[in-house]
Amino acid sequence: QEGSFHDSTKKNTTTTMDPTKYRPRDAFDTPHLTTNTGAPLYNNLSSLTAGPRGPILLEDYHLLEKLANFDRERIPERVVHARGATAKGFFTPTSPLLSQLSSADLFAYPPTPTPVALRFSTVVHSRHSPETLRDPRGFAVKFYTREGNWDLVGNNFPVFFIRDGIAFPDMVHAFKPNPKTEAQEWWRVWDFFSHHPEATHMF
């Protein structure tokens with residue numbers, strides 16, 4: 001449970017997580033607290049410091065993740081991919097071929113069911129937008145494996161708008177509707193295309 005410490009004197013009887021017992025849902029209940037990527041946490045009450053009375057260290061991954069999650073708790077919706085639908089179930093390989101191509105636990109054979117969540121979404125518009133708008137579609141797959149969580153995401157076009165990730169906020173701002181009028185402003189779209197010739201293939 002949250003806030004508890006691991007007692008090193010107790011024998012660890014749980015060696016692997018049973019994927020049929022822990023299903024991806026809001027009431028996900030594990031015997032220990034984990035990071036966003038599924039790694040178990042030793043301490044949720046203290047920051048990592050340089051010595052017992054030293055300064056807090058920026059290498060404390062859980063501290064940064066916990067504060068970042070807290071700072072973002074009240075965002076009303078996702079910036080992109082706000083409108084979507086999710087399906088949950090299990091991934092089970094039906095052939096030993098995958099285990100010969102990858103050492104990942106979810107492809108092991110004989111198979112063990114791996115909990116999975118799959119989300120399809122539109123990209124640009126808000127969560128209350130109609131599905132009939134012309135808009136790229138995206139997908140996100142999260143596998144809850146015994147080795148940790150694996151995220152697989154993509155969009156339904158073969159080549160992306162940009163080559164350099166620093167232009168991603170500019171691209172989103174160009175395509176998002178005006179927050180006051182909820183209408184797309186095409187002058188911003190054309191302005192973005194004029195500065196990024198690698199995006200021309202998206203016409």
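View 1. The protein chain has four helices and four strands, where helices (H or I, at least four residues) and strands (E, at least two) are DSSP runs numbered from the N terminus. This is a predicted model, so local features need pLDDT of at least 70 and side-chain atom pairs count only at pLDDT 80 or more, while totals for chains, interfaces and linings use all residues. Residues are numbered from 1 along each chain as its sequence is written, and side-chain values use heavy atoms, with hydrogens and water left out. Starting at the N terminus, the order of elements is α-β-α-β-β-β-α-α. Of the 203 residues, 26% count as buried (under 20% relative accessible area; exposed is over 50%, partly exposed in between; 1.4 Å probe, protein chains only). The accessible surface (Shrake-Rupley, 1.4 Å probe) is about 14800 Å², with 57% of that belonging to carbon and sulfur atoms.

**View 2. Helices H3 and H4 packed against each other.** The axes of H3 (residues 168-175) and H4 (residues 186-195) come within 7 Å and cross at roughly 150°; axes are lines fitted to C-alpha atoms over the stretch in contact, and angles run from 0 to 180 degrees between N-to-C directions. H3 and H4 are therefore roughly antiparallel (over 145 degrees; under 35 is roughly parallel, 65 to 115 roughly perpendicular, the rest oblique). On the H3 side, Asp170, Met171, His173, Ala174 and Phe175 meet Arg188, Val189, Phe192 and Phe193 of H4, contact meaning heavy atoms within 4.5 Å. By class, that makes six nonpolar, one polar and two charged residues.

**View 3. Zooming in on arginine 188.** Arginine 188 is found in helix H4. Buried or exposed, this arginine 188? Arginine 188 is buried, at a relative accessible area of 17%. Its side chain makes a polar contact with the side chain of glutamate 185 at 3.0 Å (a pair of N or O atoms within 3.5 Å, one able to donate a hydrogen and the other to accept it; sequence-adjacent residues count only if both atoms are side-chain atoms). Leaving aside residues up to four places away in sequence, arginine 188 touches His173, Ala174, Lys176, Pro177 and Asn178.

View 4. A cis peptide bond joins tyrosine 109 and proline 110, with omega about 10°. Proline 110 sits in the loop between helix H2 (97-101) and strand S2 (114-122). Histidine 81, in the loop between helix H1 (61-71) and strand S1 (84-91), has a positive phi near 60°. Glutamate 182 also has phi near 60°; its place is the loop between H3 and H4, and glutamate 182 is exposed, with a relative accessible area of 53%.

Terms used. Nonpolar A, V, L, I, M, F, W, Y, C, P; charged D, E, K, R; others polar.
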